[in-house]
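Reader: I have a structure open and would like to go through the ligand site with you. Could you take it step by step?

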Amino acid sequence: MTIDRDRFVALFERQPELEVSAPGRVNLIGEHTDYNEGFVLPTVIPQRTHVALAARSDRVVRAFSAQVDGQAPFEYRLGAEQPRRDWTDYVQGVTQVLGEERFIFGGADLFIESSVPVGSGLSSSAALQVAVLRAFRQAYSLPLDDVALARLAKRAENDFVGAPVGIMDQMVCSLASDRQALFLDARTLEYRLLTLPPEVELAVINSGVAHQHSAGDYRTRRAECERAAAALGVPALRDLTPADLPRAMALPEPLGRRVRHVVTEDERVLQAVAAIERGDLAELGRLFYASHASMRDDYEVSVRETDLLVELARAEDGVQGARLTGGGFGGSIVILAKPGKSREVAARVKAAYDRQSGRVSTVLVP
Ligand code: ADP
Ligand code: MG
């Protein structure tokens, strides 16, 4: 067990009976393609959220997170979940959707311990929900496969937490094992798991910039895509190919460029999958840079700081590619480092960035 039994016992006055975990994730490529019903390619990171559980014979849930300071376990009754607008909603949301689906289960004491950076874009939220669902699945032998589990986690986050997220995070957290990437079709949810070649070494650096209006800008991008799809007569931008780009570029600014990002990004995901499958990391690196340029120039979701991080990475010998990862307007970059170089490269890029930007970045991976 990763979770300290003594702490569990001190808190709940009984022994934990099982422990499960789920990983955080980073998106390798395929940004702002999910809501356009296109392709994404996330992979799991080494950090995980662990949940230790002891089942209860009543309908009470007590939940404690080591990442939340100075609290007593939060206690509630199954069937009486009430949003509180804090971390407990991720746990309550999970039991609420299990109840709605008529699964048969009882209460539990839960101890949560995580090494996934919280609120940094590495999907600590999906890791938490997937881990809690796994704990209930195992304790109560719930007939839930990994895809059904991901769907329930998404529903809990949408309906109970109130975050309008897509299903990418939950799918990769639920389905991918260590060193696997998930090639996912966001329209059909068809997927393929790819094992990353051993030479793939990733680094993730957070810029320390969080854009105040990122939620509003995200909505604006989604609305622009919907307008462009309607103007071009397709259900979603996913239905366009590079041959449609001349037509798209005739749309009023900035719609053409938004379409060009989405269409070329979908192509890049397909090319990245092929590059990984034949072990061509130089090509994967080129696709990272091209994706970044497209997000910067056409989709306009990068900021000065994330551009600087990518340029500093590009200047490093030990780097094959780098790009903004996640929704943008600040946030993190993902670096494809050469074998054995990720730690060193990340430290050097961080130091140069902090010096030049006056901000404090954080190396999240490795
Ligand atoms: P991200 O998923 O990128 O980390 P989110 O804002 O989607 O960011 O989710 C972060 C929220 O998830 C936290 O504010 C907290 O409510 C909850 N959370 C995630 N991990 C934990 C944890 N280990 N303990 C308690 N709450 C957690
Ligand atoms: Mg999240």
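Author: One place to begin is serine 123, where a backbone N or O atom lies 3.5 Å from an oxygen atom of ligand 1, a polar contact being a pair of N or O atoms within 3.5 Å. Please keep in mind that this is a predicted model, in which local features need pLDDT of at least 70, side-chain atom pairs count only at pLDDT 80 or more, and totals for chains, interfaces and linings use all residues. Residues are numbered from 1 along each chain as its sequence is written, chains are lettered from A and ligands numbered from 1 in the order in which they are written, and side-chain values use heavy atoms, with hydrogens and water left out.

Reader: how much of ligand 1 does the protein bury?

Author: Taken alone, ligand 1 exposes 560 Å², and the protein buries 77% of that, with areas from the Shrake-Rupley method and a 1.4 Å probe.

Reader: how many residues surround ligand 1?

Author: There are 17, and the closest are Ser65, Gly119, Gly121, Ser124 and Ser125; to count as near, a residue needs a heavy atom within 4 Å.

Reader: and which element gives the largest share of that shell?

Author: Helix H3 does, with three residues; H3 spans 124–139, and strand E5 (108–114) also supplies at least two, where helices (H or I, at least four residues) and strands (E, at least two) are DSSP runs numbered from the N terminus.

Key: A polar contact is a pair of N or O atoms within 3.5 Å; within protein, one must be able to donate a hydrogen and the other to accept it, and residues adjacent in sequence count only if both atoms are side-chain atoms.
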